[in-house]
Every structure is written in C-alpha cells, then in structure tokens.
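Let's take a walk through this fold, one piece at a time. Have the sequence and the structure open as you read.

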Amino acid sequence: MAPTITTAPLTVRDLTVAYQKKPVLRNVSVEVPEGKLIGIIGPNGAGKSTFIKAVQGLVPIASGQVEIYGKTYKQQRKLVGYVPQRESVDWDFPADALDVVLMGRYGRLGWFRRPGREDRAFALECLRKVGMADYASRQISQLSGGQQQRVFLARALAQEAQLYFMDEPFAGVDAATEKAIIHLLNELKQQKKTVLVVHHDLQTVEEYFDWVILLNRRVIAAGPTAETFTAENLQKTYGGRLHVLGGQLLVSSQSVNDEEDER
C-alpha cells in the first residue's frame, strides 16, 4: 500500500555539484508535483544525468538540500526507483533477466534475506508488464539493447517505488520498445506515481510529459509543459544551438562537454 503523502515527491533547494572544482550544477532549486510524468530537458553537458544522480546521493554535492517526500533520500530510499543509462551498466555481469529484476526487491527485503516464491512471482509479473516474461532465464548479455532496457524498467517496477528517476530510457531503442515504455510510464502516472525522465527528443516532449524541467547547469524554467515548453524558454536553454526547420525543433551539434565529460 502506498504511504500517506502530504509533501512534494522531490524538493531541491540551492543544489550545487562540482567535479574537480568545476561547477556542473549551480544553485538548482525545484519542487515537482505528485503523479506527473516530468521531462528533464536540456543540451548535452547541461547536468541532467548529474542532477538525478545527485538527488539520490550517487554523486557528492557541494551544497544544497534534497528532500524526498519531506525527508532525506537515505530515510526514503525505499520509495525511490532508478533506471540508469544503459551505457553505464556492465552487461557482462553473469545474471539472467529474472535475477536482475529480483535485485529490485532487495530494498524491501534487506540484503540478508533471500527473495522468496512471492518475490519471484512478482518479478515475473514485472517482466510480463514490459513484454519480457519469455526471456526470464536469458542472460542479460544476450539481449538486445531494447530488451535490456525493458529488463531494467521491470527492475524499477519490482522496487514498488513512489518516485522514479529514469536516465534516457528511450535512447537507442526501437519504436516498439519506446511505445511500450511510454505506455508503462502512463500506467505509473495513473497509480499517482511520479516519474522524472532525462529526455533528448524535443519533438516528443509535448506528447509524453505533463511537466518539464528545462535545465542548463541551472533551472531555466520548470512547470506544466503547455506553459513552460515555449520557444522563448527553449532558446534560453539551448542558446544558438536551437533551430526551427519545417516546424520542427532541431539542436545543432554541440561542442560543449557531454555528461560523460562532466564526470
């Protein structure tokens, strides 16, 4: 059963993150509403991946405060699910798809309890929801990129979280997988869960997300998509890299450091 929640899923105040004394995020403040699909939008090097890692304590912060439902991340860890970038995962790790999804149960079980029959059944149901039940015993290294992404989404579902962070879940997947992912995200929203997604495709932002955070090392704008995802705010976010061609928003090649360079 979901906890009784009276505060915002995520509140960030004056968050600053630096790598080798170089600021990557500076004085980021934002409070997100519950039960929304939220896109984190910005150019390469804007600190989008760093932001979702910092709020989970995965990278050190220089200053600022992060609250998950009014408490620290450490206190609310069980309420948070995370899907990392696929490129950051060691896919040679000797585990099958079901093993990976079962890892999502350890936050509730504790590391010294082994998953039981009910946990395995729940993990299989999570695989079914992402169309991967038939691959439960397949080694993750033998799966395609889209299939691997679906398995990690199933792992996040197995966590039974209230707040999800997803780092480019649509990157490198086929159209069928992208459709399956957005269907799943909408199911989570219907359950009043909150999902923050690092996203690059400007053409699908208005279709996919209720709320957006426009980020370029600081928050340029944040709010409902219809009010916030405007040409003026996008120009402030992307600068001269944003162009309109045939009614489509295009971002030119970027010479700035990308997220990997930030780390």
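Which helix lies across β5 and β6? That's helix α6 (residues 145-158), which runs at about 175 degrees to β5; axes here are lines fitted to C-alpha atoms, for helices over the stretch in contact, and angles run from 0 to 180 degrees between N-to-C directions. Before going on, keep in mind that this is a predicted model, where local features need pLDDT of at least 70, side-chain atom pairs count only at pLDDT 80 or more, and totals for chains, interfaces and linings use all residues. Residues are numbered from 1 along each chain as its sequence is written, and side-chain values use heavy atoms, with hydrogens and water left out.

Now the overall picture. The chain has eleven helices and eleven strands; these are DSSP runs numbered from the N terminus, helices being H or I with at least four residues and strands E with at least two. Of the 263 residues in the chain, 51% are buried, where buried means under 20% relative accessible area, exposed means over 50%, and partly exposed is in between (1.4 Å probe, protein chains only). As for contacts (heavy atoms within 4.5 Å), take those in the chain with a separation of 6 or more: residues 24 or more positions apart account for 69% of them.

Back to the strands. Six of them form an open sheet with mixed pairing, in the order β5-β6-β7-β3-β8-β9; two strands pair if DSSP finds at least two bridges between them. The edges belong to β5 (80-83) and β9 (219-224), each of which has a single partner strand, so one side of each is left without a neighbour in the sheet. On average, neighbouring strands of this sheet are turned by 15 degrees against each other, direction ignored. Strands of a sheet pair through backbone hydrogen bonds, either parallel or antiparallel. Strands β6 (residues 163-167) and β7 (residues 194-198) run parallel and are joined by five bridges. If you want a spot to look at, Met-166 stands opposite Val-197 in β7.

Most residues other than glycine have a negative phi. Lys-192 isn't a glycine, yet its phi is near 65 degrees, a positive value. You'll find Lys-192 in the loop between α7 (175-190) and β7, and it counts as exposed at 57% relative accessibility. Arg-217 also has a positive phi, about 70 degrees, without being a glycine. Arg-217 lies in the loop between β8 (211-215) and β9 and, at 26% relative accessibility, counts as partly exposed.

Not counting residues up to four places away in sequence, Pro-23 touches Val-17, Ala-18 and Arg-217. Pro-23 counts as partly exposed, at 28% relative accessibility.

Over in helix α2 (residues 73-76) sits Gln-76. Is Gln-76 buried or exposed? It counts as buried, at 11% relative accessibility. Its side chain reaches the backbone oxygen of Tyr-69 at 3.5 Å. Gln-75 lies in helix α2 too, but Gln-75 is exposed, with a relative accessible area of 55%. The side chain of Gln-75 reaches the backbone nitrogen of Thr-72 at 3.0 Å.

That brings us to salt bridges, meaning a side-chain nitrogen of Lys or Arg within 4 Å of a carboxyl oxygen of Asp or Glu. The count comes to six. In one of them, Arg-105 meets Asp-119, with the closest N and O atoms 3.2 Å apart. Arg-105 lies in the loop between α3 (97-102) and α4 (106-109), and Asp-119 in helix α5 (residues 117-129), so the pair ties together parts that are 14 residues apart in sequence. Both Arg-105 and Asp-119 are buried.

Another salt bridge joins the side chains of Asp-210 and Lys-189 (3.2 Å, N to O). This pair links distant parts of the chain, 21 residues apart: Asp-210 is in the loop between α8 (205-208) and β8, and Lys-189 in helix α7. Finally, the side chains of Lys-236 and Glu-232 meet in a salt bridge (3.6 Å, N to O). Those two are separated by about one helical turn, because they're four residues apart in helix α10 (residues 231-238).

How values were computed
Polar contact = N/O pair within 3.5 Å; in protein donor to acceptor, adjacent residues only side chain to side chain.
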